Amino acid sequence: MAYSVLIVDDSPVMRSFIRRVMRLSGFELGECWEASNGEEALSELKEHAVDVILTDINMPKMNGEEFLRRLEEMGTLRSVPTLVISTDATKNRILRMLSLGADGYMTKPFSPESLREELERVLGARNASRA
Amino acid sequence: MPHELEHLEAAGQRDAGQEAEFTATLGRLAGEVLETMFFAEAVAAECEHGWLPDAVAVRVDFEGSHCGEMWLALTPAAIPSIASAFLGLEPEETGEEQSAQVILELANILCGAVLSSLWPESRLLLDPPKSTAWECPDEGVWHCCLALDEGALAISIRLSGVKELA
Amino acid sequence: MRSVVVGISDCKISGDSEELLITYALGSCIAVILYDPIVKVGGLLHYMLPDSSIDRNKAQQNPFMFADTGIPRLLEIVRARGAQPGRMVVRLAGGAQVMDSQGTFQIGKRNYLAARKILWKAGILIASEAVGGEVSRTTRLEMSSGRMWVREGAGTDCELAGRGVSAKAPQKAPPKMMEGKV
């Protein structure tokens, strides 16, 4: 299946890195939407349905934690796999984001291969549970 | 004495052992970050700071349970290689604006990695990284220098306060 | 099955399902093992050093001595034989920390880093790897199947899967069991 993805990170080069990994990982990529904060991401989601969300945490205007909370309230997390990608590797943050409903948590720095592996795990788990 | 000030006092009285451990962690994590996502080798080097006034520098302010700032400086000659490697491009394909964004992201990743490693139970809030001149004080900081293939890298962390988690 | 030995600073390409590409004595050197399972074309490059700028003349005479000339050349040759980047299974072996002629231990790590950088630039993710440590390795690629084995020191052969965990495990949270789609 072709995956449409939403990448949320205030760094344009980080979004580019993630986009490149997804493309090279062998996922059939449909549309790739991008946002530089949670507020922009919510606007994108009003316009487009996506199959997977990747989000940073530390962003201006609306951070990733607040964004995830909104997604949870909207019921989006039940249907859309969401992976957190953050430089914050503190225990409390990781636990909080997973408790909110994130499917996975990647800490920066990560190799391209590690992100591919995590995407396969997150998307594979969702695909398996749909079967 | 107010609780926060007691912690500030304690932070100021770092012992030599803790200092060495923190500095070694700084160097190790910088090496890991550069290798993992920027495909660059960085090795610990003697500090020589003549290049700092001409360096490309970034500052990241942080707060939460620990407050302060991290400073990162790179020799300009080292930047095209690091930026292009991150992006998967040749140096001549990488524009100045893109390179600047890559260095900001390097600083962001490094700051988060260092603080998370030093204080894994803490609450961490990073401000967006800012390009700046190197204005980090020499005193009261954890600091290390690393040698890159095409230049040098310097990192300093200055802690201004430590708060108890609620 | 016919063994084709790849020496140090050497590279062999094959499309013959009767062949087995094999290389020995991977200390600090890196072997880049590449296989396209559709056209059954593959190659094994065994390089010694990361960067050809230290000796451009040598690199001209033998591009397979260096990562930055050898890997692009390997990719060029296999593409000419019909292999496609999107299908290639690329695996790495070697990069051990052994004493080199200068008495330093870093060359294995530098060789590994060079391979990662060049493959990322070429748009190829590494499928699996057996790298690092302090042990010499032998590796072989079976052309009929694309299966690859690595032997470490005097140990037994271990198959390196087409997809596997790298030497450095990623930092990640434990898997979370999720409910199915509503």
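**Figure 1. Order of elements in chain B of the predicted model.** Of the contacts in chain B with a separation of 6 or more, 69% are made by residues 24 or more positions apart.

**Figure 2. Order of elements in chain C.** The elements of chain C, taken from the N terminus on, run β-β-β-β-β-α-α-β-α-β-β-β-β, and the chain comes to three helices and ten strands. Chain C has 182 residues, of which 42% are buried. Where contacts in chain C join residues at least 6 apart in sequence, 63% of them link residues at least 24 apart.

Figure 3. After H2(B) comes B:Phe39, which has a positive phi, near 55°.

Figure 4. B:Ala113 belongs to helix H4 of chain B. With 24 other C-beta atoms within 10 Å, B:Ala113 is buried, because a residue counts as buried when 20 or more such atoms lie within that distance. When residues up to four places away in sequence are left out, B:Ala113 touches A:Thr87, A:Ala89 and A:Pro109 as well as B:Leu29 and B:Val33. For B:Ala113 and B:Val33, which are 80 residues apart along the chain, the separation of the C-alpha atoms is 8.2 Å.

**Figure 5. The side of chain B that touches chain A.** In this contact, 24 residues of chain B meet 21 residues of chain A. On the side of chain B that touches chain A, two or more residues each come from helix H2 (16–38), helix H3 (79–87), helix H4 (96–118) and strand S4 (124–126) of chain B, and H4(B) gives the most, with ten residues. By residue type, this side of chain B divides into twelve nonpolar, eight polar and four charged residues.

**Figure 6. The contact between chains B and C.** Here five residues of chain B and seven residues of chain C take part. The side of chain C that touches chain B is made up of two nonpolar, one polar and four charged residues.

**Figure 7. Members of the largest nonpolar core.** The largest nonpolar core has 137 residues, and B:Leu72, B:Leu110 and C:Val32 are those that touch the most other members. The element that gives the most to this core is H4(B), with eleven residues. Apart from residues up to four places away in sequence, B:Leu72 is in contact with B:Ala57, B:Val58, B:Leu106, B:Ala107, B:Leu110 and B:Ile155.

How values were computed:
Residues numbered from 1 in each chain as written. Chains lettered and ligands numbered in written order. Predicted model: local features only at pLDDT ≥ 70, side-chain atom pairs only at ≥ 80, totals over all residues. Contact = placed C-beta atoms within 7 Å. Nonpolar A, V, L, I, M, F, W, Y, C, P; charged D, E, K, R; others polar. Helix = DSSP H or I, 4+ residues; strand = E, 2+ residues; numbered from the N terminus. Buried ≥ 20, exposed ≤ 12 C-beta atoms within 10 Å, placed from the backbone. Core = buried A, V, L, I, M, F, W, Y, C linked by C-beta atoms within 7 Å.
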